[in-house]
Amino acid sequence: MNIAILSRNASLYSTRRLQAAAEARGHKVTIIDALKCYMNINDNQPSIHYQGRELDRFDAIIPRIGASITFYGTAVLRQFEMMGCYPLNHSAAISRSRDKLRSLQLLSGQGVGMPVTGFACKPDDVPDLIDMVGGAPLVIKLLEGTQGIGVVLAETRKAAESVLEAFMGLKANIMVQEFIEEANGADIRCFVLGDKVIAAMKRQAREGEFRSNLHRGGEATLVRITPEERKTAIASARAMGLNVAGVDLLRSKRGPLVMEVNSSPGLEGIEQATGKDVADLLIQYIEKHAHRKVKTRERG
């Protein structure tokens, strides 16, 4: 097959692994920077141009779209879909998962467990918002933040009020969540492919830090997940319409709680922690499904 990888950096671990896995299985691979693409949108023969030339047709495309270019990246991916290219993850599903508030509302509608979450836009609502999530300590998140950036633990009510009022004063979109103390600074990353969890790792925050992101110094280890955690991860990916997802869970007293559903989960941490060739499994999935006609799943 002729496969494209939509990635801004060919030297990134995930991009390199996907390219190597695809080529090892006999496929031709082209790495494309979405920001260097421009589109001819018409009712006859839509096309994508790249660095001064029209791109060839691809059988499948693997989107590795960073959060900072979600709008343009998904627009380029939609154009590939219009041209009949099979996407490993659909543009609509990526857009759905990148909106943190929308994704939580969709998960709530499917009965998926999650921390109690509050959202408001006026400082007058702050006292009730804090009470809504059980009071301090609580977690405040910027809706546009990634990799733990823009996530604050407010340990007292006064600190929470100050941070919330400051963010609102800057017109930032924020949400407030209950703090799951029993998680002890750890979460579970479940790597979902299709209707299966193909790998899982535990991410433990370093001492003095509550965010377990590997980019913030967290440590990843192999973990055995429970049937309930497996079911929750698969249901979360399905609610977003994602074929591939990194579902982040907290272990709480009332069962697994979903923190986030990532549409472009990194491969380095999960492959090193589990020893699994996740990249090869992704290529095998494309081989099995790329012949299917692309369908938009615009729900929620």
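User: Which residues does UniProt list for "binding site"?
Analyst: The model is predicted: local features need pLDDT of at least 70, side-chain atom pairs count only at pLDDT 80 or more, and totals for chains, interfaces and linings use all residues. Residues are numbered from 1 along each chain as its sequence is written, and side-chain values use heavy atoms, with hydrogens and water left out. UniProt positions are given in this numbering, feature names are shortened, and annotations may be inferred rather than shown by experiment. In an unreviewed entry, UniProt lists Asp-248 and Glu-260.

User: Is Asp-248 buried or exposed?
Analyst: Buried means under 20% relative accessible area, exposed over 50%, and partly exposed in between (1.4 Å probe, protein chains only). The relative accessible area of Asp-248 is 5%, so Asp-248 is buried.

User: Which residue's side chain makes a polar contact with the side chain of Asp-248?
Analyst: A polar contact is a pair of N or O atoms within 3.5 Å; within protein, one must be able to donate a hydrogen and the other to accept it, and residues adjacent in sequence count only if both atoms are side-chain atoms. At 3.1 Å, the partner of the Asp-248 side chain is that of Arg-203.

User: How many salt bridges does the rule find across the interface of domain 1 and domain 3?
Analyst: An automatic or database domain assignment gives the bounds, with domain 1 at 2-96 and domain 3 at 182-287. A salt bridge is a side-chain nitrogen of Lys or Arg within 4 Å of a carboxyl oxygen of Asp or Glu. Across this interface the number of salt bridges found is four.
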